[in-house]
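Try each task before you read its solution.

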Amino acid sequence: MLLAGLLAGVERGLNRVLRLDSTALARLGHLNGKVIAVDCTRPALQLFILPSDEGLLLATQWAAEADCTLRAPASSLLNLALSRNKTAILHSPQVHLEGESAVLMDLAAVLQDLELDWEYELSRWLGPVATPLISGHLRSRAQWYQQGFASLNQNLAEYLSEEARTLVGEREAQARFRELDKAKIDLERLEARFERLSRSLDPSDNA
Amino acid sequence: MTDQRKGSDAEPTTHFGFKNVPQSQKAEKVAEVFHSVAAKYDLMNDVLSGGMHRLWKRFTIELSGVRTGNRVLDIAGGTGDLAAKFSRLVGPTGQVVLADINGSMLKVGRDRLLDKGVADNIEFVQADAEKLPFPDNHFDCVTIAFGLRNVTRKEDAIRSMLRVLKPGGRLLVLEFSKPTNALMSKVYDTYSFAFMPLMGKLITNDAESYRYLAESIRMHPDQETLKSMMVEAGFDRVTYHNMTSGIVALHRGIKP
């Protein structure tokens, strides 16, 4: 019951978020009637996802057979949720996929393509005048923080490599790596020559 | 669980809460209760169960295994909580029938679902669970949530549900039951007979209906009795799941 209550809360929140995207529900409508089972092996937990044009229905059990079953440990499931390259994770040995994989991929694509219209949701609460003012302010703040962070990052990197000489600069490191690569290849060539020479001097070979 | 004791006029009697009434009068008395509470039924459900009724119904949906294109009958569907979810699950190719013997409840349910935009694949039928007006082998799933205890002849109702189900179809009975824990049972008794009528008085100005609710729960067959009633009616693989320490139980049976 506790898990069911938790899932009900997650489902409510998730569907609220999905409604903020103008195309997500329509795309989920194409998956209406499909049942996706997510079977987490470590820790043991099973979850059923039923997409429809009203959002997602999450269930701890489902009496009907699933169209697609994804079986993997929690770490792989988390990777799958966050990664852009889902195909690579789906092909990893810990992940097992049974049934119609297209259903899962379609659902993942809908969730990945979400473009949430936060301003619309905000305007429902604050009205059409306050919303652009607040969102404009938030956007400029976000931009300022982004620029500030990028600038701090660059300055710190320059200070550590150029002034304090604590770290090696990127170009300097690349030049050193090239030298190391060259030395490694030269060594391998030398080793091959020695081997050839030793083989030619070996009396048993000559015989 | 019809009480076969005879009244003074020789008509078989049955229980209405803790009272015995002639069988012919029970439906009318139950109808009075639900006419009285229909308008604030959802609010009272939330208040009295602390929102738990949503989780109990959610579990019912999970065990129903309803899929696209299925035909579902929700008996005593009241304000349409389950029917709305089923409508979404069966999709445009399926069908949901919300049946209730009480016109007031059915009207509240119909208005509520129409307001939510649930209309394409749903029908509203005023029907008695004992004599369901549907053909044999018609539905993939039949549910009755918090309704069976108000039915006069429960055996007849269960047999009627079996008749309308397709072979392999599922009956789900969600109903108040007997707490499995002695301490919980005591707390629940105090809650039911003191708090529920009081809340009924405060919110709907009708303590009597909520006293009936508490009494009817006590008179309803417990988990094992209801299970054996379903088996006797002809259901196969009958199982039940206790929820919230047995305060509510979900019985499931398959038509062979």
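Axes are lines fitted to C-alpha atoms, for helices over the stretch in contact, and angles run from 0 to 180 degrees between N-to-C directions. Helices (H or I, at least four residues) and strands (E, at least two) are DSSP runs, numbered from the N terminus. This is a predicted model, where local features need pLDDT of at least 70, side-chain atom pairs count only at pLDDT 80 or more, and totals for chains, interfaces and linings use all residues. Residues are numbered from 1 along each chain as its sequence is written, while chains are lettered from A and ligands numbered from 1 in the order in which they are written.

**Exercise 1.** Describe how helix α2 and helix α7 of chain B cross.

*Solution.* Start by finding α2(B) at residues 41-49 and α7(B) at residues 182-204. Their axes come within 11 Å and cross at roughly 145°. Next, take the hand: the crossing is right-handed (clockwise; a left-handed one has the near helix turned anticlockwise from the far one by less than a right angle). Now list the contacts (C-beta atoms, placed from the backbone, within 7 Å): B:Leu43, B:Met44, B:Val47 and B:Leu48 of α2(B) meet B:Met196, B:Met199, B:Ile203 and B:Thr204 of α7(B). Finally, sort them by class: seven are nonpolar, one is polar and none is charged. Here Ala, Val, Leu, Ile, Met, Phe, Trp, Tyr, Cys and Pro count as nonpolar, Asp, Glu, Lys and Arg as charged, and the others, Gly among them, as polar.

**Exercise 2.** Do likewise for helix α3 and helix α4 of chain B.

*Solution.* First, locate α3(B) at residues 52-64 and α4(B) at residues 81-90. They pack at about 35°, with axes 10 Å apart, and this crossing is right-handed. B:Lys57, B:Thr60 and B:Ile61 of α3(B) make the contact with B:Asp81, B:Leu82 and B:Lys85 of α4(B). By class, that gives two nonpolar, one polar and three charged residues.

**Exercise 3.** Which element gives the most to the side of chain B that touches chain A?

*Solution.* Begin with the contact itself, which takes 14 residues from each of chain B and chain A. On the chain B side, α3(B) gives the most, with seven residues. That side has four nonpolar, five polar and five charged residues. For the confidence of the model, note ipTM 0.72 and pTM 0.73.

**Exercise 4.** In what sense do strands β8 and β9 of chain B pair?

*Solution.* Strands β8(B) (residues 236-243) and β9(B) (residues 248-254) are antiparallel, over six bridges (pairing needs at least two DSSP bridges). Between the strands lie four residues, and B:Thr244 takes a positive phi near 50°.

Technical notes:
Contact = placed C-beta atoms within 7 Å.
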